[in-house]
Amino acid sequence: MPFLLQLLYIPLTCINIFIALVAACLLLNIKYKTGLAQLVRLVRESRFQIRLYEIPFLLVIVLVAAVSVWRCFYYPPTPRDLTSGAEVIAEYAVKEKTMINSVFTVNLESTNNQFKPPFIASLQIIYKYAGFAFGQVWLSTIFICFLVFLYHVLCLRIHRVLVGLLMVILLAIPEMYAYTFMALFDYSNAVFFFLGTFFLFEYFKHRTRNYVAMAGMLMGFATYIRSETVILIGFMTLSLAWYYLKNKKSFTRFLIDGTWFLLPAVLFYLLSITLYCNYYLPAKYDIGELVNRNLFDLAPLWERITTMNKELIFSAQGITLYGYSFFIFLLVLLGDLIYSFRLNPESRNWLFAVFVIYLGMPMLGYLLPLLDISNSTKRGLFKIFPLLILYMGTSTLLIRLSEKIKRWEEAR
């Protein structure tokens, strides 16, 4: 909302922002009676219970999450990318009531962070006005809601003991966990990309257009957070094309659904980069100058792929950054291939998404050399970990193991 107000040149006062937020909430809840009735029915029909063997895992999850929330609340934002971009812009926006403020009067030649989409700056402004000195508790909201959502999604397919193990594996990724309290773009970007992918694959099962529309909206948010994500979303469209080709559906319907999926991301990119950077900000940022001019030379692409594997995945540094998550995933994948070579349709979908990130991040670095291995690619790989977890959550091997555990429980 602060970004939209800025586009309209409306002063970013506390009153204006919260009126806009309330108006947006009312607009999204016009049919509140229907939604409220559905919520009441859902609560009445739910049979929520925590089993004894879930408690140790839930305690670990709560403890780890609590540390992250405390750090977000108590400590100021410290990453250079934030303090030279979104955070300082937000701080002066609160003072000067505009995101185009005196920050742009100083020499910013050493950084490009002021040109990144105003996702974090907008959130920082809202939470500073709400009374949080350091603003960044919005990250804790995304983190906790993502954990709750992921836990329940995994419980749909596999036993809760295995769900607990997978959740601990995700939380034990050192570098990714650190970014649950270091307010930067990458964790939020990974969450929204995962959610967009989830609803796209749900569309393949339910074949109802609202799923692909929801997927498109979430992918739009992912692009608003990190603009280069629009390229990865383009790669994800291949799965939609394959779905239509395999099911022999009309090309016209593919174009319509593909538009629902891609259009929000394109619009968010045009608003936050093409329009805002070029026509609003006083300092100019020529993205065309950053693009690789020699695309027919594929040697840098191969070098990116090999360097990513050697430095970030299959190395001692990779274990320090990401723990053993890649190796656990490969073991489950190997078990699936031995047990059922073709894999099940859901696993194949999530495996495709894994490859989109695995090959897409080096591709992004090849297209935009500014995205280096040690920073951009390292953090960009956060998007792959929820996908790995969902692959394992739909693994034929783990589903069969879950069935055996359930039969053992019933026999007891």
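This is a predicted model: local features need pLDDT of at least 70, side-chain atom pairs count only at pLDDT 80 or more; totals for chains, interfaces and linings use all residues.
Local features need pLDDT of at least 70, side-chain atom pairs count only at pLDDT 80 or more, and totals for chains, interfaces and linings use all residues. Residues are numbered from 1 along each chain as its sequence is written, and side-chain values use heavy atoms, leaving out hydrogens and water.

User: Is Glu202 buried or exposed?
Analyst: Glu202 sits in helix α10 (residues 185–206); helices are DSSP runs of H or I, at least four residues, numbered from the N terminus. Buried means under 20% relative accessible area, exposed over 50%, with a 1.4 Å probe on protein chains only. Glu202 has a relative accessible area of 12%, so it is buried.

User: Which residues is Glu202 in contact with, leaving aside its neighbours within four places in sequence?
Analyst: Contact means heavy atoms within 4.5 Å. With those neighbours left aside, the partners of Glu202 are Arg207 and Tyr211.

User: How far apart are the end C-alpha atoms of helix α11 (residues 209–225)?
Analyst: The expected span is 1.5 Å times one less than the number of residues. Helix α11 has 17 residues, so it should span 24 Å. The model agrees, with the ends at 25 Å.

User: How are α17 and α19 oriented to each other?
Analyst: Axes are lines fitted to C-alpha atoms over the stretch in contact, with angles from 0 to 180 degrees between N-to-C directions. The axes of α17 (residues 345–367) and α19 (residues 384–393) come within 9 Å and cross at roughly 160°. Angles over 145 degrees count as roughly antiparallel. The crossing angle therefore makes α17 and α19 roughly antiparallel.

How values were computed. Helices (H or I, at least four residues) and strands (E, at least two) are DSSP runs, numbered from the N terminus. Angles under 35 degrees count as roughly parallel, over 145 as roughly antiparallel, 65 to 115 as roughly perpendicular and the rest as oblique.
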